[in-house]
Amino acid sequence: MSAIAFAGALELGFLYGIVAVGVFLSFRIFNFPDLTVDGSFPLGAAVAGVLLVSGWGGVLGAWFSLFLALFAGFLAGLTTAWLNQRFGILHLLASILTMMALYSINLRIMGRPNIALLSKDTIVESFPDIASLYKGPIVMLFFALLVFVALAYFLSTRQGLGFRATGANPRMALSMGVSVRRCTYLGLGISNGLVALAGALFVHLNRFADVTLGFGVIILGLAAVISGESLVRPRGIILAVLSCFVGAVLYRLVIAWALNADFLGFRASDLNFLTALLVALALIAPRLGLGTSLRARLKK
Amino acid sequence: MIELSSISVRFGAGTPLSVCALDGLSLSVSRGEFISVIGSNGAGKSTLLSCLAGDIAPSSGRVIIDDLDVTHFPTERRAGMVSRVFQDPLTGTCGSLTIEENMALSMDRGRRRGLGLALSSHKRAHFRAELRRLGLGLEDRLGERVDRLSGGQRQALSLLLATLCEARVFLLDEHTAALDPRMSSFVMDLTERLVSERGLTTIMVTHSLVQALRYGSRLVMLDGGRIVFESSGAERSRLTVEDLVSRFSSSRGELSLDSDELLLS
C-alpha cells in the first residue's frame with residue numbers, strides 16, 4: 001500500500017469512527033436500529049457545503065459550518081424520535097421515513113445534486129500549516145479524539161448512566177425515575193448530530209458534497225462497531241466507545257489494502273461488496289471463535 | 001400515608017371484552033405498615049401495584065401519597081416516592097451495566113441526574129458496605145456486569161437497589177415467585193431485615209399464603225378487583241392457611257376446596 005493510500009485510509013478511518021460512535025449510540029446504547037444516519041450524513045455535508053460555497057470563508061466560517069451541521073443532524077434525530085415516541089411508529093420504519101424525507105431536504109438545501117469547493121478555506125486550512133501527507137489524518141484524529149473524550153465522559157456521568165439504562169432496560173429505567181422519552185429524544189439527536197458532523201468533515205476534507213453520500217452509511221458504521229467490538233471485546237463503556245474508532249480505522253485499512261493489492265484484482269466499484277462481506281464476516285467471527293483464537297495468538 | 005380512594009381500572013372500556021381489573025377499591029396504608037396482598041390470578045393484585053407505581057392510570061379514583069395527589073403522575077415522576085422490586089429478576093436490574101453502575105443508577109432514583117461522574121471512590125466504599133450485608137460476596141465484584149449473576153443474586157441485588165435511598169412506599173410484586181425455595185426464603189429474610197431496618201411502608205403481593213401469614217403486619221385479600229377480606233393484629237396472628245382458603249372460597253360462593261388447591265403452598 002502506498003503512503004498516500006495509507007494516509008487516506010487513516011483519515012477516513014477517524015472520520016468514520018465518528019459515524020461509528022453515532023451508530024453505536026443508537027444501536028448499542030439505545031437498542032434503536034436507526035437508519036436516519038443514511039440521511040443525516042449527507043445532511044451535514046449539504047449544510048457545510050452550501051455554507052462554504054456561499055462565502056462563509058475563513059476559520060470562523062469553517063467552524064460555524066461544523067456546528068450548524070451538528071445542529072441539523074440533531075434535528076433529524078429528533079424527528080425520528082418524535083415519530084417513534086409520540087406516535088408509536090416502529091423504530092426502524094420511523095427512521096426510514098426520516099431518511100427518505102431527508103433526501104429531498106438535502107437536495108433543497110444544496111439546490112443541485114452536488115457541490116464542489118474548489119478554492120475555499122476548509123477546516124483543514126484552519127489548523128497549523130504542516131506540509132505533510134499526514135495533515136488530513138491529524139486533523140481528523142483531533143476531531144475523533146474530541147468526540148471520543150466527550151462521549152466516553154458523558155456515558156460515565158449520572159445522566160449518561162440513565163441513558164444506558166434506557167436502552168438496556170426501559171422498565172427499570174422508568175422505575176428509577178429516568179425519563180425514557182427524554183433520553184430517546186436526546187440520544188437520537190446526539191447520534192445523528194455526530195453523524196452529520198462527520199458528513200460536514202467529509203466535505204471539508206474532500207472538497208465536495210453529493211446528495212448520494214449517505215448511501216450505506218449505516219452499514220459502514222455498523223461494520224466499524226461490530227468489528228471493533230469483536231476485536232477489542234470492551235469490558236467498560238470507555239473501551240466500548242474506543243472500539244468504535246479501532247473498528248473504523250481497521251476497516252478502512254483493510255479496504256484500502258484490498259483495493260491496492262493487485263493480485264486480488266478488486267476495483268473501486270467492488271467496495272460495497274467488500275463492505276458487505278466484511279460485516280458478514282465480523283458478525284460470523286464470534287460464532288466461529290475466530291476472535292478468541294486471534295487474540296490468543298496475539299498475546300503470545 | 002398512602003391512600004387509594006375508590007380506584008377503578010377498566011381495560012378495553014367500551015368493548016365486549018372489557019375487563020374490570022379494579023372495582024372501586026379503597027385502601028389506606030399508614031407509615032411503617034407492611035401489607036401482604038393475596039388473591040387468585042386476575043384478582044387485581046398486580047394492577048393495584050401498577051396504579052401505585054404509575055404504570056397504569058386509573059379510570060377513576062385517586063392515588064395520594066403523603067397528601068400529594070399523584071394520580072396523574074407518570075412512573076418516572078413518582079420514582080422518588082415509590083420504589084419497587086419486580087417479579088422477574090431481569091427487570092429489576094440492568095444486565096449490561098456493572099453492579100456498581102446499577103447501584104449508582106439507583107442512588108439517583110427520582111433525583112435530577114447531573115453531568116457529574118456517576119462513580120467515585122467514596123460511592124464505591126458505600127456500595128461495598130451495602131453489598132456486604134447481602135453476604136453473597138458481591139462486594140468483591142463491583143465492576144462485573146450484572147448479567148453474569150444468577151437469578152437469585154440479581155433479585156437480592158434488586159432488593160438492595162430499591163432500598164438504597166428513601167421511598168414513601170416500597171412495592172414488592174411477587175418478588176420471590178421466580179426463585180427456588182432456598183433462594184426464595186433467603187430473599188424473604190433479606191426483605192424483612194431491610195424493611196424493618198429502614199422502617200419502610202411496604203406492600204407485598206404474593207401467591208404464597210404461608211408468606212402472607214408469616215411476614216407483614218396486615219393482610220389483604222383481593223378478588224374481582226375488590227378487597228374481600230382484611231385482617232391485622234392479634235386476629236391475623238391466629239389465622240391459618242386453611243382459614244384463608246375457606247375465606248377465599250366463601251367470597252366466591254364456592255363450597256369445594258378442590259379448585260383452590262393451587263393456592264396452598
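Modeller: Two residues are in contact if their C-beta atoms, placed from the backbone, lie within 7 Å. Keep in mind that this is a predicted model.

Colleague: Let's switch to chain A. How many helices and strands are there?

Modeller: Chain A has 12 helices and 2 strands. Along the sequence, the pattern is α-α-α-α-β-α-α-α-α-β-α-α-α-α.

Colleague: Why call chain A as compact as a globular protein of that length?

Modeller: Look at the radius of gyration. For chain A it is 19 Å, close to the 19 Å that the globule rule gives for 300 residues, so chain A is as compact as a globular protein of that length. The C-alpha atoms fill a box of roughly 55 × 50 × 35 Å, taken along the principal axes.

Colleague: What share of chain A is buried?

Modeller: Buried residues make up 50% of its 300 residues. Now take the contacts in chain A with a separation of 6 or more: 78% of them join residues 24 or more positions apart.

Colleague: Back to chain B. What order do the strands take in the 4-strand sheet?

Modeller: The order is β2-β1-β4-β5 (chain B). The sheet is open and the pairing is antiparallel.

Colleague: Why is one side of β2 and of β5 left without a neighbour in the sheet?

Modeller: β2 (19–29) and β5 (68–69) of chain B stand at the edges with a single partner strand each, so one side of each has no neighbour in the sheet.

Colleague: What actually holds strands together?

Modeller: Strands of a sheet pair through backbone hydrogen bonds, either parallel or antiparallel.

Colleague: How many bridges join the pairs here?

Modeller: β1(B) and β2(B) are joined by 7 bridges. There, F11(B) stands opposite V19(B). β1(B) and β4(B) pair over 5 bridges, and S5(B) has R62(B) in β4(B) as its bridge partner. Between β4(B) and β5(B) there are 2 bridges.

Colleague: Which helix lies across β1, β2 and β4 of chain B?

Modeller: Helix α1 (residues 45–53) of chain B does, running at about 65° to β2(B).

Colleague: Is α1(B) enclosed or open?

Modeller: α1(B) is largely enclosed by the rest of the structure, because 8 of its 9 residues are buried. Among them are L48(B), L49(B) and C51(B). After the helix comes G54(B), with a positive phi near 105°.

Colleague: What about the sheet of 6 strands?

Modeller: That open sheet runs β6-β7-β8-β3-β9-β10 (chain B), with mixed pairing. The edge strands are β6 (82–85) and β10 (226–232) of chain B. The twist averages 20° from one strand to the next.

Colleague: Which way do β7 and β8 run?

Modeller: They run parallel, joined by 4 bridges. D173(B) has V205(B) in β8(B) as its bridge partner.

Colleague: Which helices lie across strands there?

Modeller: Helix α6 (residues 151–163) of chain B lies across β6 and β7, at about 175° to β6(B). Helix α10 (residues 241–252) of chain B lies across β9 (218–223) and β10, at about 35° to β9(B).

Conventions: Residues numbered from 1 in each chain as written. Chains lettered and ligands numbered in written order. Predicted model: local features only at pLDDT ≥ 70, side-chain atom pairs only at ≥ 80, totals over all residues. Pairing = 2+ DSSP bridges. Axes fitted to C-alpha atoms, helices over the stretch in contact; angles between N-to-C directions. Rg over C-alpha atoms; globule rule 2.2 N^0.38 Å. Buried ≥ 20, exposed ≤ 12 C-beta atoms within 10 Å, placed from the backbone.
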